[in-house]
Amino acid sequence: MPFKQCSAMDERIRFAIQASRGDRSLSAVCREFGISRPTGYVWLKRHRERGDILALTEQSRRPHRLPRMTATDVADRVVSLRLAYGWGARKLRVLLSEHGVVISESTVNRILARHGLQRQAEKVGQAHVRFERSEPNELWQMDFKGHYRLPVLPGGRCYPLSIIDDHSRYAIGLFALDNQQAATVHQALVNRFERFGLPEAILVDHGTPWWSPNGHGLTWLAVALIKQGIRLCFSGIRHPQTQGKGERFHRTVGEMVRHRGRPDTVHDWQTAFDEFLGEYNHLRPHEALDLAVPATRYRPSPRPYQPSPPGWDYPAGAIVIRLNQQGVLPYHRRRYFVCEALANEDVQVEVCDPRIFVRYRHMWIREIDLTTGRSGTLIDSNRNPYV
């Protein structure tokens, strides 16, 4: 018969004694006491493991683990990481798993909501189809992220300059500059070229200091990049989607600034940016990379920076003409303006009567109508790297 309520402990003790003798099968002993074999196995195992008859006393039926209850230390870890980095649940879950804390994204969200740390803006829709280059350094995206005012310097500003690898999303550089002049940007680029090598192409917008607004397009900085064998790609005017990765990176930078506060000086801004780059490249999971970090997909370019780049060898038999000091092309006793930034440079002329096409090194830059004398830039023909 089943255990009686008034003598349950006595019955369990008798069961343990009978089952431990071994002169009968466990099934027979269980039938004698009116219990199932699984129950008998539980009591016998508990008695043998502990070696104490008290192991047969009634145990709490509360589960040892509560799947719906998160341990306090885990919750504290989630909150501390959120406060430190400001990341969402998906990225925090990956970071926690790397430190041995296995937890679901929904649980992280519940912890954040419970502590008032979940933002409505984090609930975003599915991203559209993404385009990217197939290898690192095929294309870098470069742009300024507006500016930040410096409270300690009246009229002073910090201009963040970002450089992103299109394939890996690796942040090549994030510079805190006090101006947007070509010489300052060139110095920052040389710093990156010497460390990471040269990309095949760089995507920029129609802003200074790499685009001249007076119609001829190129600036001396753009020419310096072309001399390194870099192809310049210009985004569409008033079309920031072309530089979507850079725009998204700038949004992440803005989130970091709002989370940690604004530094007071350019030097402090650079310190904050350097710390941010370490986290962004090596610690922060990237959703576009299946939650891998950009550093796992990036490698430096094998093309070295050349402080004094060699001259360009145009094809044999090509018409090569040197522009004058104003960037004007003398051709058939007439003069045609090409580009001021190419003063005293050799260009190739391709004749397609009644037009001629002007090429500087590897880039076509100008189309000239010999009949009317009018000309137009060809630089924008390479503006979108995905077309």
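Trainee: Let's start with a cysteine. What does cysteine 352 count as, going by its relative accessibility?

Mentor: Keep in mind that this is a predicted model. Buried would need under 20% relative accessible area, and exposed would need over 50%. Cysteine 352 comes out at 46% relative accessibility, so it counts as partly exposed.

Trainee: And cysteine 339, is that buried or exposed?

Mentor: Use the cut-off again: under 20% relative accessible area means buried. Cysteine 339 has a relative accessible area of 2%, so it is buried.

Trainee: How many disulfides does the structure hold?

Mentor: For a disulfide, two cysteine sulfur atoms have to lie within 2.5 Å of each other. Count the disulfides in this structure and you get 0.

Trainee: Now for asparagine 281. Which helix is it in?

Mentor: Find the helix whose range takes in position 281. Residues 266–282 do, and that helix is H10.

Trainee: Why does asparagine 281 count as buried?

Mentor: Asparagine 281 has contacts beyond its neighbours within four places in sequence, including Arg169, Tyr170, Val293 and Pro294. The cut-off for buried is under 20%. Asparagine 281 counts as buried because its relative accessibility is 3%.

Trainee: Which backbone nitrogen does the side chain of asparagine 281 reach?

Mentor: Ala171 and Ala295 are both among the contacts of asparagine 281. The backbone nitrogen that its side chain reaches, at 2.8 Å, belongs to alanine 171.

Trainee: What about arginine 260? Which side chain does its own side chain make a polar contact with?

Mentor: Arginine 260 lies in helix H9, residues 244–260, and it counts as partly exposed at 32% relative accessibility. Its side chain makes a polar contact at 2.4 Å, and the partner is the side chain of glutamate 279.

Trainee: How many Å apart in space are arginine 260 and alanine 272?

Mentor: Along the sequence, arginine 260 and alanine 272 are 12 residues apart. Go C-alpha to C-alpha instead, and the separation is 9.2 Å.

Trainee: Which residue in S4 stands opposite proline 160?

Mentor: S3 and S4 form a hairpin with 5 residues between them, and arginine 169 in the turn has a positive phi of about 65 degrees. Across that pair, proline 160 stands opposite alanine 176.

Trainee: And in S3, which residue stands opposite phenylalanine 144?

Mentor: Opposite phenylalanine 144 you'll find leucine 161.

Trainee: Which glycine follows H7?

Mentor: H7 has 15 residues, 182–196, and reaches 21 Å from its first C-alpha to its last, close to the 21 Å expected. Its buried residues include Ala188, Leu189 and Phe193, and what covers the buried residues includes S1, S3, S4, S5 and H8. After H7 comes a residue with a positive phi near 85 degrees, glycine 197.

Trainee: Why is H8 largely enclosed by the rest of the structure?

Mentor: The buried residues of H8 pack against H7, S5, S6, S11 and S12. Leu221, Ala222 and Val223 are among those buried residues. H8 is largely enclosed because, out of 8 residues, the number buried is 6.

Trainee: Which strands are at the edges of the open sheet of 5 strands?

Mentor: The order is S7-S10-S11-S12-S13, with antiparallel pairing.

Trainee: Which residue in S12 stands opposite arginine 355?

Mentor: S11 and S12 pair in the antiparallel sense over 6 bridges. Opposite arginine 355 stands aspartate 369.

Trainee: Last one! Which residue in the turn of the S8 and S9 hairpin has a positive phi?

Mentor: S8 and S9 run antiparallel, joined by 4 bridges, and valine 328 stands opposite phenylalanine 337. The hairpin has 2 residues between its strands, and the one with a positive phi, about 50 degrees, is histidine 332.

Key: Residues numbered from 1 in each chain as written. Predicted model: local features only at pLDDT ≥ 70, side-chain atom pairs only at ≥ 80, totals over all residues. Heavy atoms only, no water. Buried < 20%, exposed > 50% of the residue type's maximum accessible area, 1.4 Å probe, protein only. Polar contact = N/O pair within 3.5 Å; in protein donor to acceptor, adjacent residues only side chain to side chain. Contact = heavy atoms within 4.5 Å. Pairing = 2+ DSSP bridges. Expected span 1.5 Å × (residues − 1).
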